[in-house]
Amino acid sequence: MYEADNEKLTIIIIALILSILVGVFLYIVNVRDDFEEIRSFYKGFMGRKLMLHEGRLQRRKDLEKSINGAENQSQTIYKQKDEQVLKPESLENGSLFTVERDKVCLLSETDYTAVRYLEDEEPEWKDLDYSLNVCLPPNSFGQFFMEYDFGKIDKKKEKNFHLKQQLYEQFHLWKSKKKKRYDIVVTPRAKKDMAENDKSAQKKLMQKTTLRHAENHRKKLEKKMKKLKK
């Protein structure tokens, strides 16, 4: 009796240990994936930050404000220059007015069609704060594991403490948004794939059934022909 109980207890303990080991292994794999992903995140974040700085990537609201501001500025300059042209002394230097007006035209006729909009980016990139400065992600997996998962960033050794905090905060936001998008996208795809697989399976079943019916019909005809011959 006691031996049977001991065996059951041993089996339960072994099962628990195995489940813990599997859980730890999966956890390390996930952290390893995060360690690889933060590098691609850093490149994407800094690339978009640079594009925002250069004006190649903009928010629609900010772009509308800048266009309206440029139009208002051009109208003011045109008005001032038109008033100057009516004066005799300004007629002697009409080329100055022409040059100034051409400058304003160049500013107001910027090719905004080549600009990318932040609102058109994937959801995980839209809500990030690109005004923040971030530092490079850690090179070693162990350092990343301690800093990102346990929040143990050494303030004394780490000069860019706040920059690293901001990096991890933005990465966490990016990862959560990406996971939501993945769940939303994958679920309909999975449903669609399942429906297509069901259709193909049903089609194969119908083909097999048709072949069987045809085979049975052929055998019946052969039997009838043999009987008629006899």
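**Entry 1: the chain as a whole**

I began with the surface, and the protein chain exposes about 18200 Å², of which carbon and sulfur atoms supply 59%; accessible areas here come from the Shrake-Rupley method with a 1.4 Å probe, and for residues only the protein chains shown count as cover. I note that this is a predicted model, in which local features need pLDDT of at least 70 and side-chain atom pairs count only at pLDDT 80 or more, while totals for chains, interfaces and linings use all residues. Residues are numbered from 1 along each chain as its sequence is written, and side-chain values use heavy atoms, with hydrogens and water left out.

I then looked up the secondary structure, and the protein chain has 7 helices and 2 strands, where helices (H or I, at least four residues) and strands (E, at least two) are DSSP runs numbered from the N terminus. Along the sequence the pattern reads α-β-α-α-α-β-α-α-α. Of the 230 residues in the protein chain, 20% are buried (buried means under 20% relative accessible area, exposed over 50%, and partly exposed in between, with a 1.4 Å probe and protein chains only). For contacts (heavy atoms within 4.5 Å) with a separation of 6 or more, I find that residues 24 or more positions apart account for 79%.

**Entry 2: aromatic pairs and charges over rings**

I next listed the rings of Phe, Tyr and Trp (its six-membered ring), which pair if their centres lie within 6.5 Å, with planes under 30 degrees apart counted as stacked, over 60 as edge-to-face and the rest as tilted. By this rule the count comes to 16 aromatic pairs. The rings of Phe41 and Trp174 have centres 5.4 Å apart and planes at 45°, so I record this pair as tilted. The pair joins distant parts of the chain, since Phe41 lies in helix α1 (residues 2–54) and Trp174 in helix α7, 133 residues apart. Phe41 counts as buried at 1% relative accessibility, and Trp174 is buried with a relative accessible area of 3%.

Tyr148 and Tyr168 form another tilted aromatic pair, at 5.6 Å centre to centre and 55° between the planes. This pair links Tyr148 in helix α6 (residues 141–150) to Tyr168 in helix α7, 20 residues apart, and both Tyr148 and Tyr168 are buried.

I also checked for charges over rings (NZ of Lys or CZ of Arg within 6 Å of the ring centre and within 35 degrees of the ring normal). The charged end of Arg48 sits over the ring of Trp125, 4.0 Å from its centre, and that of Arg60 sits over the ring of Tyr117, 4.3 Å from its centre.

**Entry 3: the largest nonpolar core**

A nonpolar core is a set of buried Ala, Val, Leu, Ile, Met, Phe, Trp, Tyr and Cys residues joined through side-chain atoms within 4.5 Å. The largest one has 22 residues, and among these Phe41 and Phe144 touch the most other members. The elements giving two or more residues to this core are α1, α6 and α7, and α1 gives the most, with 7 residues. Leaving aside neighbours within four places in sequence, I find Phe144 in contact with Val31, Asp34, Phe35, Ile38, Pro138, Asp149, Tyr168 and Phe171.

**Entry 4: Gln170**

Lastly I looked up Gln170, which is found in helix α7 (residues 161–229) and is buried, with a relative accessible area of 8%. Not counting residues up to four places away in sequence, Gln170 touches Phe41, Phe45, Leu128, Asp129 and Leu132. The side chain of Gln170 reaches the backbone nitrogen of Asp129 at 3.0 Å.

How values were computed:
Polar contact = N/O pair within 3.5 Å; in protein donor to acceptor, adjacent residues only side chain to side chain.
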